[in-house]
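Welcome! Take a moment to look over the sequence and turn the structure around before reading on.

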Amino acid sequence: MGLDPGLRRLALGTLLAAYSGPVPPDWAVDLLAEGLAGHTLFGTNIHDPAQVAASTAALRAGRPDVIVAIDEEGGDVTRLAHATGSPYPGNAALGAVDDVVLTRQVYSAIGAELAALGITVDLAPTVDVNTADDNPVIGTRSFGADPARVAAHSAAAVYGLQAAGVAACAKHFPGHGATVADSHHELPTVDVPPALLRQRDLPPFAAVVDAGVRAVMTAHIRVPALTGDGPATFSRAVLVDLLRGEYGFTGTVITDALEMKGAALAAGGVGPAAVRALAAGADLLCIGAKVDAELVEQVAAEIVAALADGRLDRGRVEEAAGRAADLATWTGAPGTPTPGVDGLGYAAALRAVHVEGDVAELTKPLVVQLHADSTIAEGRVPWGLGPHLADAEEIRAVAGETDPEALRRLAGDRPIVLVGRHLHRIPGGPELVDALAGIHPVTVVEMGWPSRWRPTGARAFVTTYGASHANGRAAAQVLGLAG
């Protein structure tokens, strides 16, 4: 016997799916007509602006008020510019500049671009306070380590996006910045008292609620004092008592991807995770990136089954679907977006570059880019100085497999510019840099999170606060190497 059509439609109204490829398949459009709330676009869905606009128009043919969401944070997390790198710096660079007007301008520009393509929800900004240098998943996605600074820039980002007519989704509640594990792969634990969360992690969320943010995304993190053994995504104490009760949020609660191991493993699968998230107070369930019609139907069937066996109350699911529908029909905040500025992102990235030491007379250096893994959130996006170099040789190297003496011989009389991301975390990275600086003139460019580590004996240490296309150009320009 098939699902009750009314209950199936109700369940679909809480789901944010996804599809593969540049053209929405028939099932993705058909499910929208049958009640599916919307889809998230990923890099595999993006070829060029005309194609994206055609895709969103096709989705809108299935459901005029479809939610079309995307992770377009600028900086290291970009979907629209995944083939080249973002023309905007990310949050760490904007926090380093510390000009909230600039942050609003950058996010307004991003929002205007999304709105022009028919995208309605930006799963941004990241408002986590990054207090752990070894955080493997937030890092440069954060405005910084100071709660007050992060709060101010988070609110500016929300104002910028929503003035452009794109709903903002602040993430990841109640704060992913103190973790040293990646919730894509496991369930991180932040074992601190709620009082510390209120002081350190929650001020940016209070700021975005005051700024009128339309959506907040949950974190698949465990805070034992609040969530017990499960993630915040499954915690009514977090989503209802704290977010709605204490902080007064009235918008849509969106889950981080339920396919992530921080949620799926904790619940025993995506379907059970959806049920637990709804029961806890989530409204719109992001299934993930690897989605097909069968998975959507499985999740919908699990929700319907939970309504039948008492795991879910129908009123709770109707409330969730109603909040998802409210997000779908929201068309923009009062006011107008900040006027666009040509080259805004590149100028902003240049303002963020910080130089310690002497970068003069770097004539035709050997540029060495050290391999660094990408997180699932970032994806495989080009980075580095390569596209911006006018007259310098560039090579790639792996820290633990590279002999500093061999690099010295290859460089000859040329200085070396060594480029990395999160150099302090790369196995063998600090050792390679220190050894090389002891035998050859070296300038180090750090394009990841700016830790306290500094190389011994380097001629200069340059921090870009991100690895976007804009950050790479800014670094090349400061070093006098840009074309």
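## Helix H5 and its neighbours

In this predicted model, the buried residues of helix H5 pack against strand S3 (67-70), helix H4 (91-97), strand S4 (121-122), helix H6 (147-163) and helix H15 (344-352). Which residues of H5 are buried? They are Leu-102, Thr-103, Val-106, Tyr-107, Ser-108, Ala-109, Ile-110, Gly-111 and Leu-114.

H5 itself covers residues 100-116, which makes 17 residues. From its first C-alpha to its last, the helix reaches 24 Å, close to the 24 Å expected at 1.5 Å a residue. As a background note, an α-helix has 3.6 residues a turn, so residues three or four places apart point the same way.

## Thr-252 in strand S7

Next, find strand S7, which takes in residues 252-254 and includes Thr-252. Is Thr-252 buried or exposed? With a relative accessible area of 3%, Thr-252 counts as buried, because buried means under 20%.

Setting aside its neighbours within four places in sequence, you can trace the contacts of Thr-252 to Arg-214, Ala-215, Val-216, Arg-244, Asp-283, Leu-284, Arg-323, Ala-324 and Leu-327.

How many disulfides does a search of the whole structure find? The search finds 0. Cys-169 is in no disulfide, and the nearest cysteine sulfur, that of Cys-286, lies 9.2 Å away.

Now for the open spaces. The largest pocket holds about 850 Å³ of space. Its lining is made up of 39 residues, and those nearest its centre are Phe-42, Arg-79, Glu-259, Ala-289 and Ile-376. Sorted by class, the lining of the largest pocket has 14 nonpolar, 14 polar and 11 charged residues.

The second largest pocket has a volume of about 460 Å³. Around the second largest pocket there are 24 lining residues, with Ala-372, Asp-373, Ser-374, His-422 and Arg-425 the closest to its centre. By class, the lining of the second largest pocket divides into 9 nonpolar, 9 polar and 6 charged residues.

Notes
Residues numbered from 1 in each chain as written. Predicted model: local features only at pLDDT ≥ 70, side-chain atom pairs only at ≥ 80, totals over all residues. Heavy atoms only, no water. Disulfide = S-S within 2.5 Å. 1 Å grid on protein atoms, 1.4 Å probe; cavity = no way out; pocket = protein on both sides within 12 Å on 5 of 7 lines; lining within 4 Å. Points joined across faces, edges and corners; volume = space filled by probe spheres on them. Nonpolar A, V, L, I, M, F, W, Y, C, P; charged D, E, K, R; others polar. Helix = DSSP H or I, 4+ residues; strand = E, 2+ residues; numbered from the N terminus. Buried < 20%, exposed > 50% of the residue type's maximum accessible area, 1.4 Å probe, protein only. Contact = heavy atoms within 4.5 Å. Expected span 1.5 Å × (residues − 1).
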